[in-house]
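I opened this notebook to record what I looked up, entry by entry.

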Amino acid sequence: LHLKEGFAAIRWDDKSPAKVAPRHVNSDLNHQWITLLSCPYFIAERIDIFNALHIPVIPKTFQLFFCTEGAGEMIVDFCKEPFQPGMTYLVPAAAKSIDIAGRCQTLRFRLP
């Protein structure tokens, strides 16, 4: 809404950073794990789940899961919730277990 201020804030001579190619991390008959972006501040991953997947907990950081396709269940510490496109779950570092059941695609964001 503030076009004058917005244009003043743009650094027109700034060079865009190089594009980062996604990196295939792991896959089997039940899932495919792709790192989309990894930097000092956060890691973004895409996980394609074909059946069910146990996701390791990370005691030092939260994990954020966003369902982009399909449907399933998010199971955190024996608490089951539906997991459908558009749904987001913030799993705290104190979680004991994380499982996703079903056929879906999720984006996972976490600290390095």
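I take a residue as buried when its relative accessible area is under 20%, as exposed when that value is over 50%, and as partly exposed in between. The model I am reading is a predicted one.

I looked up Cys 67 and found a relative accessible area of 0%, so Cys 67 is buried. For Cys 39 the value is 24%, and I therefore noted Cys 39 as partly exposed. Cys 67 is in no disulfide, since the nearest cysteine sulfur, that of Cys 104, lies 4.9 Å away, whereas the cut-off is 2.5 Å.

Entry on aromatic rings. I found two aromatic pairs in the structure. In one of them, Phe 7 and Trp 12, the ring centres are 6.2 Å apart and the planes stand at 15 degrees, so I recorded this pair as stacked. Phe 7 has a relative accessible area of 48% and is partly exposed, while Trp 12, at 63%, counts as exposed. In the pair of Phe 83 and Tyr 89 the centres are 5.7 Å apart with the planes at 50 degrees, so that pair is tilted. Here Phe 83 is buried at 0%, and Tyr 89 is buried at 18%.

Entry on strand E7. I followed Tyr 89 into strand E7, which spans residues 88–91 and has a covered face made of Tyr 89 and Val 91, with Thr 88 and Leu 90 on the uncovered one.

Entry on the nonpolar core. Which members of the largest nonpolar core touch the most other members? Of its 16 residues, they are Ile 55, Phe 65, Met 74, Phe 83 and Ile 100. I noted that strands E3 (43–49), E4 (52–55), E5, E7 and E8 (98–110) each supply at least two residues of this core, and that E5 gives the most, with four residues. Finally I listed the contacts of Phe 65, leaving aside residues up to four places away in sequence; among them are Ile 55, Met 74, Phe 83, Tyr 89, Val 91 and Ile 100, as well as Thr 88, Thr 106 and Arg 108.

Definitions and conventions
Residues numbered from 1 in each chain as written. Predicted model: local features only at pLDDT ≥ 70, side-chain atom pairs only at ≥ 80, totals over all residues. Heavy atoms only, no water. Phe/Tyr/Trp six-rings, centres within 6.5 Å; stacked < 30°, edge-to-face > 60°. Buried < 20%, exposed > 50% of the residue type's maximum accessible area, 1.4 Å probe, protein only. Core = buried A, V, L, I, M, F, W, Y, C linked by side-chain atoms within 4.5 Å. Contact = heavy atoms within 4.5 Å.
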